[in-house]
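This report covers aromatic contacts and a surface patch. The sequence and structure come before the text.

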Amino acid sequence: SVSHGVMCEHYLRLLGTRFAHAPQSQLVMDDTASPVIFLSNHRSWGDFWVDCALLGGPSFVSRWMVALAIPLSAAWGHLRGWLWFFQRGKQRAEGTTAWMTQFWQDCHLRCPGKGVVVYPEGTRSLLPQGLPLKPGGLAAAHKLGWPVQIV
């Protein structure tokens, strides 16, 4: 089967998307041997496809509402295991960080071999400055011991 990373590369090529790298840019961490959490800025719905192409087809953490906006991609990702849906705002008996840590471990077992993209602000924003980061994802990353890279 064709990976979602390859599909996104083709899609962006059709759209004429161009990428620029800053002089101080570094290569992304190798996420094929062990999981890496990639923190990415979330500006539009197109970020899913751009980040997927840039990072070679990682998994994504997303709230269920995304499935309404991009239903075909959401269904494909969920059924293939690389789109990890959760319900935002739900109270967890074990606490949000403990729940998220277990959730990420379980999801990665279903789709191993690549890292996961997390949008740490928790929502899209067009502001020139970033929004405050949601602490749960960073706390879960620390608890798991997975390396984190900002992209």
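## Aromatic contacts and a nonpolar patch

Arg-92 lies over the face of Trp-99, 3.6 Å from the ring centre; a charge sits over a ring if NZ of Lys or CZ of Arg is within 6 Å of the ring centre and within 35 degrees of the ring normal. The model is predicted: local features need pLDDT of at least 70 and side-chain atom pairs count only at pLDDT 80 or more, while totals for chains, interfaces and linings use all residues. Residues are numbered from 1 along each chain as its sequence is written, and side-chain values use heavy atoms, with hydrogens and water left out.

The structure holds six aromatic pairs. Rings of Phe, Tyr and Trp (its six-membered ring) pair if their centres lie within 6.5 Å; planes under 30 degrees apart count as stacked, over 60 as edge-to-face and the rest as tilted. Trp-64 and Phe-85 form a stacked pair, at 4.3 Å centre to centre with 20° between the planes. Trp-64 is in the loop between strand S2 (59-63) and helix H3 (66-69) and Phe-85 is in strand S3 (residues 83-86), so this pair ties together parts 21 residues apart in sequence. Ring pairs also link Phe-48, Phe-60 and Tyr-119 into a cluster.

Val-2, Val-6, Met-7 and Trp-76 make a nonpolar surface patch of about 320 Å². Met-7 belongs to helix H1 (residues 4-15).

Burial is classed by relative accessible area: buried under 20%, exposed over 50%, partly exposed in between (1.4 Å probe, protein chains only).

| Residue | Relative accessible area | Class |
|---|---|---|
| Met-7 | 41% | partly exposed |
| Trp-64 | 44% | partly exposed |
| Phe-85 | 7% | buried |

Methods. Patches are made of residues with over 30% relative accessible area and no salt bridge: like charges are joined within 9 Å, nonpolar side chains (Val, Leu, Ile, Met, Phe, Trp, Tyr) within 5 Å. Accessible areas come from the Shrake-Rupley method with a 1.4 Å probe; for residues, only the protein chains shown count as cover. A salt bridge is a side-chain nitrogen of Lys or Arg within 4 Å of a carboxyl oxygen of Asp or Glu. Helices (H or I, at least four residues) and strands (E, at least two) are DSSP runs, numbered from the N terminus.
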